[in-house]
Amino acid sequence: MQDIPRDILIRASRGNIEAFEHIYKAVSGFVYNVALRITNSSHDAEEVTQDVFMKVYRSLPGFQFRSSLRTWIYRITVNTALNSCKKAIKETSRRGDYDTAVRTQSAPETADARATQADHERAVASLLSALNPDQRACVVLREIEGFSYKQISEALKININTVRSRLKRARETLLASRKSEVG
Amino acid sequence: MDCAHIKELILTGYTDGQIDARLQEQVRAHLAACVACRQLADAVRKTAVEPFKKAERIGPPDAVWQRIKQALILEEERRPAGVLERLRDFLQGAYSLPRPVYATAAAMLVLLAAAAFARLPAQQQRTVNRYLQEEVEFITDLKVEPRTAAYDSLSTKIEKSFL
């Protein structure tokens, strides 16, 4: 995530939409990507992204600059995505439009490269779908976003031992699902 | 370290490089000698780590920002005439008032309080009177700054109402 100049934050907090667009451009990649991986739905990821930025816009005037903006946005993003994911699990089985989102938004140069990338994305989606939402959030932040355990604990507001425990359970689940596929 | 402890580390800190160098080296030494733990480390890497490294970072479609922007504009339009902003501006204006305005306002408040407490029983009146006496002394002791050209051109509504 790019650094956002303080004066941009101040202008955005006073309702300047151009300044807010600057913030959007700096963090929307992270927000959408995490939302897409956690919800496994491009439609839900778009809704989460919109929801996150509306929350950020409304909360900016009260932002104290004492905490990190990044950590704050990470937390809003993961919480909003988890809520969306849990709500969707309650309502219905997943719609499976993830592949469409990947294909339309990433464009490797050749047909072979596109096919290979689509395979990778299907594999990632399949692995993530084997995990519960809390484990999924940890794995996305660790494996895809490259967060340290400390950053994950701050983003999810859980202690480091819980991060470790969720990653361990997640990996045990992934190993077990691979074994059941193979054997 | 036994295999159970090593397994724990393989599933977490060792694979993620989130343990200190000394512990990392101990795990490496164990793996060199233990086939079962080495196989587990390979399986974790191939199944639970490497597939995610090939995942793409995907950004939102342009339409998402357009929707957010529209929502923000609508929200700004619906805001009830900027009540908070008006309050903020008023307070900022009040802070910039000259000291005589505060002194006059404080004196008026004391007079209003005196009028309100005038009908209290004698005991309570004495307490109130002591308090009022202290307030009057405080206001009297306030330094009045010399008049300047700025004071002579008072023109805001608040200034006119007080002076």
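**Stop 1: Confidence in chain B**

Start by colouring chain B by pLDDT: helix H2 (residues 13–16) of chain B has the highest confidence there, with a mean of 96, while helix H9 (residues 149–152) of chain B has the lowest, at 49. Remember as you look around that this is a predicted model. Chain B as a whole averages a pLDDT of 79, and 69% of its residues score at least 70. A handy rule for the tour: where pLDDT is low, the predicted coordinates should not be read in detail.

**Stop 2: Confidence in chain A**

The mean pLDDT of chain A is 85, with 87% of its residues at 70 or more. Select residues 102–106 of chain A and you will find pLDDT below 50, although the stretch has 11 contacts in the model beyond near neighbours in sequence. For the model, the scores are ipTM 0.81 and pTM 0.69.

**Stop 3: The two chains in cartoon view**

Switch to cartoons. How many helices and strands does chain A have? Chain A has nine helices and zero strands. Chain B has 10 helices and, again, zero strands.

Next, think about burial. In chain A, 37% of the 183 residues are buried; in chain B, 10% of the 163 residues count as buried. Contacts reach along the sequence too. Of the contacts in chain A between residues at least 6 apart, 64% join residues at least 24 apart. For chain B, residues 24 or more positions apart account for 66% of the contacts with a separation of 6 or more.

**Stop 4: Where the chains meet**

**Stop 5: A glycine in a loop**

Move to chain A and click on A:Gly15, in the loop between helix H1 (6–13) and H2 of chain A. Is A:Gly15 buried, exposed or partly exposed? A:Gly15 counts as partly exposed because it has 17 C-beta neighbours inside 10 Å.

**Stop 6: The kinked helix**

Follow chain A into helix H2 (residues 17–39). A straight helix of 23 residues would span 33 Å at 1.5 Å a residue, yet H2 of chain A spans only 28 Å between its end C-alpha atoms. Zoom in on A:Val27, where H2 of chain A has a kink of about 55 degrees centred. Just after H2 of chain A comes A:Asn40, with a positive phi of about 60 degrees.

**Stop 7: The nonpolar core**

Finish with the largest nonpolar core, which has 56 residues. H2 of chain A gives the most to this core, with 11 residues. Select A:Ala35, A:Cys138 and A:Ile152, the residues with the most contacts inside the core. Then pick A:Cys138 alone. Which residues is A:Cys138 in contact with, leaving aside its neighbours within four places in sequence? They are A:Ile152, A:Val163, A:Arg166, A:Leu167 and A:Ala170.

Notes:
Residues numbered from 1 in each chain as written. Chains lettered and ligands numbered in written order. Predicted model: local features only at pLDDT ≥ 70, side-chain atom pairs only at ≥ 80, totals over all residues. Helix = DSSP H or I, 4+ residues; strand = E, 2+ residues; numbered from the N terminus. Expected span 1.5 Å × (residues − 1). Bend = angle between axes of the 7 residues up to and from the residue. Buried ≥ 20, exposed ≤ 12 C-beta atoms within 10 Å, placed from the backbone. Core = buried A, V, L, I, M, F, W, Y, C linked by C-beta atoms within 7 Å. Contact = placed C-beta atoms within 7 Å. pLDDT = per-residue confidence, 0-100.
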